[in-house]
Amino acid sequence: MPFYHKLGEIPPKRHTQFRQADGSLYREQLMSTKGFSDIYSLTYHINPPTQVTRVEKIRDIVIEKEDSGALKHRHFFGNRVELSGDAIDSRQVLMFNSDVSLAISKPTTEMNYYYRNGDCDEVLFVHEGEGVLETIFGNLPYHKGDYLMIPVGTTYRVVMNSPSRFFVIESASMIKTPRRYRNEHGQLEEHSPFCERDIRPPSELITHDEKGEFEVRVKSRNMLHSYIFDFHPLDVVGWDGYLFPYAFNIDDFEPITGRLHQPPPVHQTFEAAGFVICSFVPRLYDYHPLSIPAPYYHSNIESDEVLYYVDGNFMSRKGIEEGSITLHPMGIPHGPHPGTIEKSIGAKETQELAVMVDTFKPLHIAKVAHGVEDTNYMYSWLPPKA
């Protein structure tokens, strides 16, 4: 995230001696992106982060994709997928390509280890629940509607205070705020639908100095690995920099409206190299006297459009429920369901809440998604039978 933050104790000058009470050095670690050429943070550890006592491969990570079939619009009942395990093991990927994977997670058990994604930035959208994201950068409390932004290489654990459900986005590239909303210095500009005040960095740094056996599971190169340490992995006494996890709540996104229907880019919240993330939030409708609030039919010629339905009544769709996921692929047009255009005329506002992911490469569908698919969705634009 392009603003400076720090927690805990750090030396006045980087790369200089910083000693513990017994005279030994704290271990400085650079957390950097794009080698040494992009944003970074410096963390100071009680123990050397390289001091591993045991390592082993746990398993390969393989997602079985469906066989190629006819190009069509798809609808999956995401909340009907049977999930079990902790916040990592319960993840079920439903769609993916080389840039991004989209999964759902509903943990049934707590994590008894820490986790690090060595390949991807992660977004955990909190559909429901409250808890704490424990990280090497400090604790980050979460609640319903939060986007939890976790940079690649961050060691963390999800601790639930109540049953939680997540929409999980993994990105092969850095996830950032949209370029058009930032000035040349990286600050969010006045016309941005949110600003730095809305972003919550870690609020409390708890330094652990326990000895014992602690596991960190690392996802890397399509494998899951186990690293065992004889000290607690969250042994950071202080850090500073521009790279850190943070939370942004979807309720803090201020919608952009106009006299006529506004296209999806006005809802954009984040971007990466191969996709964008948008937030559809409660908002006033268009105020031209002849406006049609429902979206017009459109073809995403060069992008696949995924909508994750969170709450409310999505006025242009029928047969959708909380947790539904729709895919409108590039190459064929889509738009409002029959009857929704006329019904929208004269309406003043919408209470819909949804997360949209537009990808610039076609998405593959995981075979497991077939078990919760609405197979009639492609034909839901047909007029009702007399």
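## Contact between the domains

Across the boundary between the two domains, 39 residues of domain 1 are in contact with 37 residues of domain 2, where contact means heavy atoms within 4.5 Å. The model is predicted: local features need pLDDT of at least 70 and side-chain atom pairs count only at pLDDT 80 or more, while totals for chains, interfaces and linings use all residues. Residues are numbered from 1 along each chain as its sequence is written, and side-chain values use heavy atoms, with hydrogens and water left out.

## Domain layout and buried area

Domain 1 comprises 48–66 + 82–234 + 243–249, and domain 2 comprises 254–374; the bounds come from an automatic or database domain assignment. Their C-alpha centres are 26 Å apart.

Between domain 1 and domain 2 about 3,400 Å² is buried, 64% of it from carbon and sulfur atoms. Buried area is the accessible area (1.4 Å probe) that two parts lose on being put together, summed over both.

Four salt bridges are found across the interface of domain 1 and domain 2, each being a side-chain nitrogen of Lys or Arg within 4 Å of a carboxyl oxygen of Asp or Glu. A salt bridge also joins the side chains of K367 and E64, at 3.9 Å from N to O.

## The domain 1 side

Strands (E, at least two residues) are DSSP runs, numbered from the N terminus. Among those that each supply at least two residues to the side of domain 1 touching domain 2 are β6 (92–96), β9 (121–128) and β14 (165–171). The most comes from β6, with five residues.

Note on methods. Helices (H or I, at least four residues) and strands (E, at least two) are DSSP runs, numbered from the N terminus.
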